[in-house]
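Subject: Two-chain model, handover and findings

Hello,

Here is the structure for your files. My notes follow below it.

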Amino acid sequence: MSIALHDALQDVDLQVGQTYSVEVKGRWVELRVLADGPTLQTAEGPMLDPWVEFPPPTPQFRLRAKPGPLALPDPPHLPADDV
Amino acid sequence: MIYDLPARDDPVDQGDIIDGCPVLRISQFSVRDLLLEVADSLEIEGAFSRVVVLTQTCDLANQKTTIATVALVRDAEQLVRQGLLKAADVRGPIRAGRVFGWYFLPKSDEHGLPESIVDLYPLHAVRLDLLTALCQHGRRRARVQPLYREHLSKHFADTYSRIGLPQPYATE
């Protein structure tokens with residue numbers, strides 16, 4: 001919460017468990033008064049997509065590519081009774 | 001305990017956090033050369049990075065693979081300092097495992113690990129013998145222990161198996 005909002009609510013008689021609604025500058029604001037601090041976010045909330053792509057690590061070396069053969073894939077493991 | 005530190009000669013396993021892994025990316029290319037399959041203009045840059053092994057334990061234990069899939073382990077505080085994340089994001093949804101592709105790892109003074117975020121989007125395929133050599137020379141910081149390791153693995157799977165619809169279904 002910003003300091004300004006904190007200051008503005010200092011003299012308001014807020015009752016635990018109550019929800020207050022008020023129109024401020026044409027917008028409706030809802031205020032819930034909790035007994036404890038904010039609830040811990042748990043894995044039960046909605047999943048979010050990342051909002052930023054992390055940049056790659058700072059390069060420490062540069063290489064020039066050379067053409068070459070592709071490595072062979074790892075041989076698949078087949079159970080003996082399937083062979 | 002979330003982390004453990006296996007002996008140096010312990011084989012590489014899922015959840016191993018290893019320092020100094022060379023992570024490469026193509027930094028420059030020319031479309032013309034690509035179409036001609038000429039490598040002259042291909043430039044690759046890399047960094048020695050902290051990574052976590054994602055390959056399933058069963059594949060590693062059965063020696064079914066010579067390549068391991070790893071993801072970068074990023075210092076959460078550094079990402080906050082860079083302005084990419086807010087501290088509240090790290091403490092809130094990321095820590096709770098509610099952001100696809102990002103997995104929170106807690107700090108461990110014992111293992112010299114800060115609060116970190118595993119970035120599951122850019123994945124890297126690394127030779128297993130390279131990772132083994134790093135481990136044998138003391139570059140394995142820790143191993144994420146079962147339950148937490150499976151939790152990370154599930155998050156990894158969820159990130160790549162989810163299907164996003166173009167828009168939510170209509171409702172009346």
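Helices (H or I, at least four residues) and strands (E, at least two) are DSSP runs, numbered from the N terminus. On that basis, B:Ile18 lies in strand E2 of chain B.

Two points on conventions. This is a predicted model, in which local features need pLDDT of at least 70 and side-chain atom pairs count only at pLDDT 80 or more, while totals for chains, interfaces and linings use all residues. Residues are numbered from 1 along each chain as its sequence is written, and chains are lettered from A and ligands numbered from 1 in the order in which they are written.

**B:Ile18**

A residue is buried if 20 or more other C-beta atoms lie within 10 Å of its own, exposed if 12 or fewer, and partly exposed in between; C-beta atoms are placed from the backbone. B:Ile18 counts as buried because it has 25 C-beta neighbours inside 10 Å. Contact means that the C-beta atoms of two residues, placed from the backbone, lie within 7 Å. Leaving aside neighbours within four places in sequence, the contacts of B:Ile18 include B:Val51, B:Leu131, B:Leu134 and B:Cys135. B:Arg139, B:Arg140 and B:Arg141 are also among them. B:Ile18 and B:Thr132 are 114 residues apart along the chain, yet their C-alpha atoms are separated by 9.7 Å.

**Helix H5 of chain B**

Which residues of helix H5 (residues 128-136) of chain B are buried? They are B:Leu131, B:Leu134 and B:Cys135. These sit on the same side of H5(B), because they cover an arc of only 100° around the axis. The arc is that of the directions from the helix axis to the C-beta atoms. B:Asp129 and B:Ala133 are exposed on the other side of H5(B). The buried residues of H5(B) pack against strands E2 (16-28), E3 (43-53), E4 (67-75), E6 (116-127) and E7 (140-144) of chain B. After H5(B) comes B:Gly138, with a positive phi near 80°.

**Core and strand pairing**

A nonpolar core is a set of buried Ala, Val, Leu, Ile, Met, Phe, Trp, Tyr and Cys residues joined through C-beta atoms within 7 Å. The largest one has 35 residues. B:Val51, B:Val52, B:Val70, B:Val118 and B:Leu131 touch the most other members. E4(B) gives the most to this core, with five residues. Not counting residues up to four places away in sequence, B:Val118 touches B:Val52, B:Ala71, B:Val73, B:Tyr103, B:Leu105 and B:Leu152.

Two strands pair if DSSP finds at least two bridges between them. E4(B) and E6(B) run antiparallel, joined by nine bridges. B:Ala71 has B:Leu123 in E6(B) as its bridge partner. Strand E5 (residues 102-105) of chain B pairs with E6(B) over four bridges, also in the antiparallel sense. There, B:Tyr103 stands opposite B:Val118.

Chain A has one helix and three strands, in the order α-β-β-β. Of its 83 residues, 0% count as buried.

How many residues does the contact take from each chain? It takes 30 residues from chain B and 24 residues from chain A. E3(B) gives the most to the side of chain B that touches chain A, with seven residues. By class, that side has 15 nonpolar, eight polar and seven charged residues. Here Ala, Val, Leu, Ile, Met, Phe, Trp, Tyr, Cys and Pro count as nonpolar, Asp, Glu, Lys and Arg as charged, and the others, Gly among them, as polar. Strand E3 (residues 61-64) of chain A pairs with E3(B) in the antiparallel sense over four bridges. A:Phe61 has B:Gly46 as its bridge partner.

Best regards
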